[in-house]
Amino acid sequence: KPLSDGAVAVAVFNTNTHPTTLHANFQKIGLPASLQVRDLWRRRDLGVFHTSLPVSVPSHGVVLLKVQSR
């Protein structure tokens with residue numbers, strides 16, 4: 001979802017019964033190849049990622065990220 005400051009909120013869902021690492025491919029979701037990423041629920045900057053981002057998601061969980069061009 002686009003945010004008012006030009007960034008984008010990205011939610012990563014895990015519907016499995018066990019924790020897993022998912023890879024958010026920026027191009028597949030229409031984002032630039034290089035992004036600054038922040039975990040919104042943990043209130044922690046994760047750094048700059050290129051092309052994709054590995055996201056550890058607990059079972060039946062969600063990770064909410066804020067991404068923006070660097």
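Me: Which residues is N14 in contact with, leaving aside its neighbours within four places in sequence?
Reply: Contact means heavy atoms within 4.5 Å. By that criterion, and with neighbours up to four places away left aside, N14 is in contact with P19, T20, V57, P58, S59, H60 and G61. The model is a predicted one, in which local features need pLDDT of at least 70 and side-chain atom pairs count only at pLDDT 80 or more, while totals for chains, interfaces and linings use all residues. Residues are numbered from 1 along each chain as its sequence is written, and side-chain values use heavy atoms, with hydrogens and water left out.

Me: Where is N14 found, and is N14 buried or exposed?
Reply: N14 is found in the loop between strand 1 and strand 2. Strands here are DSSP runs of E with at least two residues, helices are runs of H or I with at least four, and both are numbered from the N terminus. For accessibility, buried means under 20% relative accessible area, exposed means over 50%, and partly exposed is in between, with a 1.4 Å probe and protein chains only. N14 has a relative accessibility of 3% and therefore counts as buried.

Me: Which backbone atoms lie at polar distance from the side chain of N14?
Reply: A polar contact is a pair of N or O atoms within 3.5 Å; within protein, one must be able to donate a hydrogen and the other to accept it, and residues adjacent in sequence count only if both atoms are side-chain atoms. For N14, a polar side-chain atom lies 2.8 Å from the backbone nitrogen of N16. The backbone oxygen of P58 is 3.2 Å from a polar atom of the N14 side chain.

Me: H60 is on the contact list of N14. What is the phi of H60?
Reply: Most residues other than glycine have a negative phi. H60 is not a glycine, yet its phi is positive, about 50 degrees. H60 sits in the loop between strand 5 and strand 6, and its 58% relative accessibility is why it counts as exposed. T51 is another case: its phi is near 75 degrees, positive in a residue other than glycine. T51 lies in the loop between strand 4 and strand 5 and is partly exposed at 49% relative accessibility.

Me: How many helices and strands are there in the protein chain?
Reply: The protein chain has zero helices and six strands. Its radius of gyration, taken over C-alpha atoms, is 12 Å, close to the 11 Å of the globule rule (2.2 Å times the number of residues to the power 0.38) for 70 residues, so the chain is as compact as a globular protein of that length. The C-alpha trace spans about 35 × 20 × 20 Å along its principal axes. Of the 70 residues, 26% count as buried. Among contacts with a separation of 6 or more, 64% come from residues 24 or more positions apart.

Me: What order do the strands have in the open sheet?
Reply: Two strands pair if DSSP finds at least two bridges between them. The open sheet has four strands in the order 1-6-3-4, with antiparallel pairing. Strand 1 and strand 4 (44-50) are at the edges with a single partner strand each, so one side of each has no neighbour in the sheet. Strand 1 and strand 6 (residues 62-69) run antiparallel and are joined by six bridges; the partner of V8 in strand 6 is V67. D39 belongs to strand 3 (residues 34-39) and is buried, at 5% relative accessibility. Leaving out residues up to four places away, D39 touches R44, L46, V63, L64 and L65.

Me: Which residues does P2 contact, leaving aside neighbours within four places in sequence?
Reply: Those are A7 and V8. P2 lies in the segment before strand 1 (8-13) and is exposed, with 67% relative accessible area.
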